[in-house]
Amino acid sequence: MSRRQPGAPEDSTSVPALITTTDALAALCDRLRREPFVTVDTEFMRERTYWPELCLVQLAGQSEVALVDALAEGLDLAPLGALLADPNVVKVFHAARQDVEIFLLKFDAVPTPLFDTQVAAMVAGFGDQVSYDQLCRSLAGVQIDKAHRFSDWSARPLSPSQLLYAAGDVTHLRRIYVALRDRLVREGRLDWVGEEMAALHDPNTYRTDPERAWERLRPRTTNRRFLGLLRAAAAWREREAQRINIPRQRLVKDETLLEVAATGPETVAELARARGISEGFAKGRSGTGLLAAIKAAKGLPDSELPEAPKDRAGPPASPALVALLKVLLAAKSEEHHVAPKLLASSEDLDRLAAEAEPDLPVLHGWRRQVFGEAALALKGGRLALGVEGRRVKLIAAG
């Protein structure tokens with residue numbers, strides 16, 4: 001591992017040692033637990049599996065960088081779990097969701113407290129879903145070498161250039177975190193980030209409910225019997241993909257599930273007629289399980305079938321009003337230097353246009369102050385939009 005004094009220049013050519021033993025990991029985590037924050041990243045493989053395979057963990061304190069070989073034989077990651085659970089150390093990620101999902105699977109707990117620099121950058125006005133590369137250029141003054149972005153991180157040994165690439169994901173993140181945090185403190189926006197972190201701290205954010213997997217398919221029908229079969233087929237696929245540990249789409253594609261729900265096969269021969277279903281699959285354990293799920297769904301009473309998605313009550317939103325709200329959103333985002341997506345989604349704008357005062361995040365907390373109040377005023381005729389120079393101007397209506 002590399003060590004340097006706080007404030008010393010980062011040596012981008014020094015390859016951190018690879019942690020491969022439990023004792024070395026425990027010593028590292030003991031040192032890092034004395035730090036105010038630790039930057040964290042992971043390298044994993046998921047192309048051929050349902051569950052992500054953790055290959056490497058990158059960690060950096062203010063004066064230390066280390067790489068943990070998660071595939072090292074005999075390595076116990078428990079000390080890392082204790083570090084991630086330490087309430088006195090902020091865990092800093094960029095685009096945290098996939099990394100946090102991995103740690104939740106490993107330790108049955110979400111790292112806490114955590115800080116996501118992608119979310120913080122949206123609050124600080126860097127745009128929607130700003131990349132790590134962009135923040136490195138803007139806030140750390142470095143250009144990331146992308147040569148190893150698609151490396152096979154499960155192959156051993158890892159090359160020095162791979163290790164240097166991986167280390168860069170946490171060394172530059174230190175400077176990015178400090179710059180964003182200081183900026184948000186100066187602007188009084190650190191609490192805004194805290195509100196956004198609430199969803200990332202919730203374990204349910206990362207867990208898939210098999211019984212609700214069908215909703216992702218967005219079926220365009222109100223036929224509840226069809227929806228019941230689709231729910232059963234999608235739930236079966238989720239559980240079977242988890243059991244076999246392969247991506248759900250490799251097990252059965254979405255379009256095949258929809259066809260199975262539409263035809264409701266009862267025999268191996270009928271199942272094998274579906275596109276994407278081979279005779280071998282239909283005859284095997286997976287096919288038997290899918291047929292059993294379909295059979296059980298056919299026996300459900302109407303009262304236990306899923307409800308079709310309901311259209312919103314009342315007249316549809318005026319396209320012209322939605323367009324005005326989009327202009328207002330852009331103007332307010334520009335004025336306050338905050339990403340539009342963080343304020344309101346397209347669906348939020350549709351509901352704002354169609355409903356008097358819907359229960360939406362944009363009408364609560366800091367979002368209401370920044371955009372929600374102005375949106376209600378625009379709808380109520382108390383605010384107009386004009387142009388002054390090259391900027392949109394808000395005009396109080398009499």
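These notebook entries record what I looked up in the structure.

**Entry 1. Ground rules.** I worked from a predicted model, in which local features need pLDDT of at least 70, side-chain atom pairs count only at pLDDT 80 or more, and totals for chains, interfaces and linings use all residues. Residues are numbered from 1 along each chain as its sequence is written, and side-chain values use heavy atoms, with hydrogens and water left out.

**Entry 2. Nonpolar cores.** I looked for nonpolar cores, that is, sets of buried Ala, Val, Leu, Ile, Met, Phe, Trp, Tyr and Cys residues joined through side-chain atoms within 4.5 Å. Buried means under 20% relative accessible area, exposed over 50%, and partly exposed in between (1.4 Å probe, protein chains only). The largest core has 78 residues, and those with the most contacts inside it are Leu25, Leu59, Val68, Leu80, Leu352 and Phe371. Helix α17 (residues 365–379) supplies the largest share of this core, 8 residues. I noted that helices (H or I, at least four residues) and strands (E, at least two) are DSSP runs, numbered from the N terminus. Another core, of 29 residues, lies apart from the largest one and includes Leu227 and Ile294.

**Entry 3. Valine 68.** I listed the contacts of valine 68, a contact being heavy atoms within 4.5 Å. Leaving out residues up to four places away in sequence, valine 68 touches Ile19, Leu25, Leu28, Cys55, Leu56, Val57, Leu59, Leu75 and Leu77.

**Entry 4. Helix α3.** In α3, I found Asp99, Val100, Glu101, Ile102, Phe103 and Leu104 buried. The buried residues of α3 pack against β3, β4 (53–60), α2 (78–85), β6 (90–93), β7 (114–116) and α7 (190–201). Just after α3, aspartate 108 takes a positive phi of about 55°.

**Entry 5. Cis peptide bonds.** I found a cis bond between threonine 112 and proline 113, with omega about -10°; proline 113 sits in the loop between α3 and β7. The bond from arginine 156 to proline 157 is also cis, with omega near 5°, and proline 157 lies in the loop between α5 and α6.

**Entry 6. Positive phi in loops.** Alanine 95, in the loop between β6 and α3, has a positive phi near 55°. I recorded alanine 95 as partly exposed, with a relative accessible area of 33%. Arginine 218 has a positive phi of about 50° although it is not a glycine. I located arginine 218 in the loop between α7 and α8 (224–244), and at 69% relative accessibility it counts as exposed.
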